[in-house]
Amino acid sequence: TYIGSLLVSVNPYQELDIYTVSQMQLYRGVNFFELPPHLYAIADNAYRVMCNEYNNHFILISGESGAGKTEASKKILQYYAVTCPTTEQLQTVRDRLLLSNPVLEAFGNAKTLRNDNSSRFGKYMDIQFDFKGAPVGGHILSYLIEKSRVVHQNHGERNFHIFYQLLEGGDKDLLCWLGLERNPQKYTYLIQ
């Protein structure tokens, strides 16, 4: 539902057929309250106001653990990747922004009691557009990680995924060079 220019959404914990290319086209260029509330309406409205007013805009995504904040940010990036003007160079920029998420998640996600793939970090992602409204760059201005998780996890929770991924997937020479063994049970920081 909308509350003014805010969108309140609930994570249904299942895939819904509401994030398709046809949905993107439906919400593209439409007045804000003309269609039912949707993440794409928020993304489109922010983009159009930015282009019309030549002014910076932001979309703040907030919520408790497991609310779907990371998924919402991915959907907004995908919306811009499909609906904004494009060239081959711009496609490269978009791909880099979209593909950075799995890397950040490996280093910043962990298993919690509420979510097996919970983001334990916050980030401020800046997407830069040119005067024609085409995305030309982007970067992550801050990446705030839950550092305490490295040395302590609550019962039933795990450390960051990257530790387990490195032990499981790193080749033998890399692990030897790093002085690591494959068995995660050998590390105090991973078994508390």
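Thr70 touches Asn101, Glu105 and Ser119, leaving out residues up to four places away in sequence. This is a predicted model. Thr70 sits in helix α3, residues 69-83. Thr70 and Glu105 are 35 residues apart in sequence, and their C-alpha atoms lie 9.4 Å apart in space. Is Thr70 buried or exposed? Its relative accessible area is 19%, so Thr70 counts as buried, the cut-off being under 20%.

Next, the nonpolar core. The largest one has 17 residues, and Tyr79 and Tyr80 touch the most other members. Helices α1 (21-27), α2 (39-53) and α3 each supply at least two residues of this core. The largest share, eight residues, comes from α2. Tyr79 is in contact with Met24, Tyr27, Arg28, Tyr40, Ala43 and Asp44, leaving aside neighbours within four places in sequence. In soluble globular proteins, nonpolar side chains tend to be buried together.

Now the cavities. The whole structure holds two of 30 Å³ or more.

| Cavity | Volume | Lining by class |
|---|---|---|
| Largest | about 70 Å³ | nine nonpolar, no polar, one charged residue |

Which residues line the largest cavity? They are Leu77, Tyr80, Ala81, Cys84, Arg94, Leu97, Leu98, Ile127, Phe129 and Pro135. Helix α3, helix α4 (88-108) and strand β5 (121-129) each supply at least two residues of this lining.

The second largest cavity is lined by Tyr27, Val30, Asn31, Phe32, Leu35, Ala41, Asp44, Asn45 and Arg48. Helix α2 gives the largest share of that lining, four residues. Tyr27 and Asp44, both in this lining, are also among the contacts of Tyr79.

Note on methods: Residues are numbered from 1 along each chain as its sequence is written. This is a predicted model: local features need pLDDT of at least 70, side-chain atom pairs count only at pLDDT 80 or more; totals for chains, interfaces and linings use all residues. Side-chain values use heavy atoms; hydrogens and water are left out. Buried means under 20% relative accessible area, exposed over 50%, partly exposed in between (1.4 Å probe, protein chains only). Contact means heavy atoms within 4.5 Å. A nonpolar core is a set of buried Ala, Val, Leu, Ile, Met, Phe, Trp, Tyr and Cys residues joined through side-chain atoms within 4.5 Å. On a 1 Å grid over the protein atoms alone, a cavity is a set of points where a 1.4 Å probe fits but cannot get out, and a pocket is an open set with protein on both sides within 12 Å along at least five of seven lines; lining residues have an atom within 4 Å of a point. Grid points are joined across faces, edges and corners, and a volume is the space filled by probe spheres set on the points. Ala, Val, Leu, Ile, Met, Phe, Trp, Tyr, Cys and Pro count as nonpolar, Asp, Glu, Lys and Arg as charged, and the others, Gly among them, as polar.
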